[in-house]
Amino acid sequence: MQVKRVASIKDALSQYMMMIATVLVILFFTIATGGKLLYPQNVNNLIAQNAYVFVIAAGMLLCILTGGNIDLSVGSIVCLVGAIGATMMVKQSLPIWLAIIVMLLAGLAIGVLQGYLIAYIKVPPFICTLAGMLMWRGLSNVVLEGLTISPMPEPFLNLFNSYVPDMIPQTTGLNETAVLIGVLMSGLLLVYKFRERAGRSKKGYENVSLTKELITDLILVALILFFMIELAQYKGIPVILIWVAAILAIYGYITSKTTIGRHLYAVGGNQKATKLSGINTKKVFFFAYANVAFLAAVTAMITMARLNSANPTAGTNYEMDAIGACFIGGASAYGGSGTIGGVIIGATLMGVLNLGMSIMGVDANWQKVVKGAVLLAAVIFDVVSKKKSE
Amino acid sequence: MANDLLEMKHITKVFPGVKALDDVNFIVKQGEIHALVGENGAGKSTLMNILSGIYPYGSYQGDIIYQGEVQKFASIRDSESKGIVIIHQELALVPEMTIGENMFLGVERGHRFNIDWDETYALAAEYLRQVGLNESPHTLIKDIGTGKQQLVEIAKALAKKARLLILDEPTSSLNEDDSRALLDLLLSFKTQGLTSIIISHKISEISYCADTITILRDGATIESLSKGKDDISDNRIIQGMVGRKLTDRFPKRPANRQLGDKALEVSHWTTYHPVYTDKKVVDDVSFYVRSGEVIGIAGLMGAGRTELMMSIFGHSYGTATKGELKIHGQPVALNTPREAIEHKLAYVTEDRKGNGLILSNEVTVNTSLANLKSISNRLNVIDRDKEIHIAKDYVRKLEIKCPSVLQNVDHLSGGNQQKVLLAKWMFADPDILILDEPTRGIDVGAKYEIYTIINDLISQGKSVIMVSSELPEVIGMSDRIYIMNEGRMVGELAAAGATQEGIMNLIQHSKV
């Protein structure tokens, strides 16, 4: 029993390791930059600069769950979808809504193709998506004729780049909407949590202890409020944050609460056992790869809006940033484990590293070295802690 | 003694929770063929793994005296340098490499950075000639049959200058002719002074070639029989292998049980190997099980029992599967595991780690995996609270010992893992349960608990098909026993009055 308790402490430690590391890194940069890291404008930039990582990583996680497989083609899909959309909106002056639908469909079509090849024809994911990476990049250059298309129409930019308006403008330096939404969200969270508890005790199921519940809830509430007040001191809540939060919430829900999520974990944990349990494993692979390409199309729009253009190198290395975020966030390189929560932590850590080092004026090449080292350390940690538990 | 090549003295090997070998003594004379026999799990392979250094010196107690010296092998390389070469049941050949490349894998000829391929292939050809294999050393391993591959393994052993050759079930995947040829080869090597240890389940082969027979049972040496001195008839050997008492190892059968109609009936079932598609793995098999009945499927490893059951369970094994399947009298076609589960069939695999459980997941997740529908709503959202509740229910009912249902199953003992696997399939609510080696690798106490669960299942009117290589278990738990060998049903017995000797004889004499 004693041994098991020690093991569970170790488990808990490895579970929260990256969260602790992220907090430490934030503290480090806050001190090293003399507090500049947490300036409202920088917090805002952190979101705007890294939105693409969060979105693609959410899709990438599903692929990684199925067995440590990755999708290398997403960066090129971002570029191709962007090229198609920009051509429609700018060159052909077609309506924005039509361009958006076509862009999403294009991403989905690529995903369906790659997913079909991987799941049903059994082309190894690495090779299939490597081929995609080359093909879609090449095609996007054909569509763009090697040139950059800009600027994007104003209404399109507003879909991603604007801010939720202030309710009472020109009163204080504070954006009251953001504060109010923060308070509302905190309230909703608490109500949800306590209704869940009540439901459990009503059905005779067990609840975690009230103190534990309160502590985690309070930490969450504090985080939300801190974040919202930070944003309130700048321009308020960026619309992009709403997009990212919605996507993460949806995928967090899918992976943790639905049978399709369960199937993803099961396939990565033991494909044969999953098949013998009556689950269609091919469908699971198909879903993962079709989905990540769809999210790449969403990312394409975010990228176009941020750069205010579609250019032949857009999306370069996006797959690597997403893969890095997943692994730093504790996804297993062998599949079967990893969470959206982990992805959020991984992407945040990467973002903070980028931002912090940029503020400090660290040379861009050294930034790459540091990011690579962090990724390596995270995976070594994952592998070693797994080996110990065997 | 002067002519003893090898003496293993007082060997004891303990695995976590199990004593695999208990004070085993084993003596091999120079120039003999020594057979090591015993039931599955008697400790034969463990003993040979100690001898060949797979379990290094220090991980066991006792001494290995070889050529008059105490040996302390730290690895398989050490034992091979002394001329002890083991050939495992699963051949260790790389299919995509040539015979010559395989033969010198790890001991390449020439320089490390400049392999001498001419020497490699010349030597390979020479050793191939010695084992009487008429193939070019440039042939790829995947292009020759299993019998020839076995000969390549022996040639490879000769290339390592083997003085003591250990063969673990060398004929288990060979046909009659190839087996006989292999044994004759060993006999001819014997005249040239090569000593061999052969592990085999096939009693007739042992009495054909062995000079001495050592019988292991439950990790202990039972006896050694010498040709010419002792009786080494088939019956005598079988008696030595299985001769343990059968008292109260099985719970009482449920009283006044009613056997119902035929719940599952399989007729003329045939399936072929998924890769070697011309190899019949299951050949025209027919059997049935009634409601409330336990049938046992006995046979040796490789008899095709698992393949039969998996092919029935939604064609999970084999190609070109033919045959008729009736569930409660209705003909059905089960093409996927999902369809099999929907027809209230469950297959509890023999390989709980490979095919059964998701080791890196919780007890809860494993319990619900085959029946997620019943804990999720129409939008496929899982009711996590209900899932935990159900898992706790099974943990209590099956007395699964785990600190919490949120525990990952890789931390549980084998017996408890087996119970989680059973829980998973019981939760799928089947009428007919196929239990493949349900007590493999678990201790006696856990076995008894599994037997109790089986009795509970049949008293609820469910049917159980139990595949098992442990004859006492088959006899102790079944109502009827089917015996399979080499893909065919070779006999059917009522459990009352069935004996282990009787079953073994049916298997041995089924070969045509």
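Biologist: Which two strands of chain B form a hairpin with 2 residues between them, and which residue in the turn has a positive phi?

Modeller: This is a predicted model, and local features are read only where pLDDT is at least 70. The hairpin consists of S4(B) and S5(B), and B:Gln67 in its turn has a positive phi of about 55°. The two strands run antiparallel and are joined by 3 bridges.

Biologist: How many bridges join strand S1 of chain B to strand S4 of chain B?

Modeller: There are 5, between S1 (residues 4-15) and S4 (residues 61-66), and these strands run antiparallel. Within that pairing, B:Met8 has B:Ile64 as its bridge partner.

Biologist: What should I keep in mind about side chains when I look at a strand?

Modeller: In a regular strand they alternate between the two faces of the sheet. For a sheet in this model, take the open one of 6 strands in chain B, with the order S18-S19-S20-S15-S21-S22 and mixed pairing. Strand S18 (345-348) and strand S22 (488-494) have a single partner strand each, so one side of each is left without a neighbour in the sheet. From one strand to the next, the twist averages 20°.

Biologist: Do S15 and S20 of chain B run parallel or antiparallel?

Modeller: Parallel: 4 bridges join S15 (residues 294-298) to S20 (residues 463-467). One of the pairs is B:Ile295 with B:Ile465.

Biologist: Turning to chain A, how many helices and strands are there?

Modeller: Chain A has 15 helices and 0 strands. Its radius of gyration is 22 Å, close to the 21 Å that the globule rule gives for 390 residues, so chain A is as compact as a globular protein of that length. Its C-alpha atoms fill a box of roughly 70 × 65 × 45 Å along the principal axes. Of the contacts in chain A between residues at least 6 apart in sequence, 80% join residues at least 24 apart.

Biologist: Where do nonpolar side chains tend to be found in soluble globular proteins?

Modeller: They tend to be buried together. Here, buried residues account for 41% of the 390 residues in chain A. The largest nonpolar core has 243 residues, and those with the most contacts inside it include A:Ile56, A:Met60 and A:Cys326. Helix H12 (residues 281-307) of chain A supplies the largest share of this core, 18 residues. Beyond its neighbours within four places in sequence, A:Cys326 is in contact with A:Ala57, A:Met60 and A:Leu61, among others.

Biologist: Is A:Phe54 buried or exposed?

Modeller: A residue is buried if 20 or more other C-beta atoms lie within 10 Å of its own. A:Phe54 has 28 such neighbours inside 10 Å, so A:Phe54 counts as buried. A:Phe54 lies in helix H2 (residues 40-65) of chain A. Outside the four places on either side in sequence, A:Phe54 is in contact with A:Val244, A:Leu248 and A:Ala347. The C-alpha atoms of A:Phe54 and A:Leu295 are separated by 10 Å, with the two residues 241 apart along the chain.

Biologist: How is the size of an interface often given?

Modeller: Often as the accessible area lost when the parts come together. For this model the description is by contacts: 21 residues of chain A are in contact with 24 residues of chain B. On the chain A side, H10(A) gives the most, with 6 residues. That side divides into 6 nonpolar, 8 polar and 7 charged residues.

Key:
Residues are numbered from 1 along each chain as its sequence is written. Chains are lettered from A and ligands numbered from 1 in the order in which they are written. The radius of gyration is taken over C-alpha atoms; the globule rule is 2.2 Å times the number of residues to the power 0.38. A residue is buried if 20 or more other C-beta atoms lie within 10 Å of its own, exposed if 12 or fewer, and partly exposed in between; C-beta atoms are placed from the backbone. Two residues are in contact if their C-beta atoms, placed from the backbone, lie within 7 Å. Ala, Val, Leu, Ile, Met, Phe, Trp, Tyr, Cys and Pro count as nonpolar, Asp, Glu, Lys and Arg as charged, and the others, Gly among them, as polar. Two strands pair if DSSP finds at least two bridges between them. Axes are lines fitted to C-alpha atoms, for helices over the stretch in contact, and angles run from 0 to 180 degrees between N-to-C directions. A nonpolar core is a set of buried Ala, Val, Leu, Ile, Met, Phe, Trp, Tyr and Cys residues joined through C-beta atoms within 7 Å.
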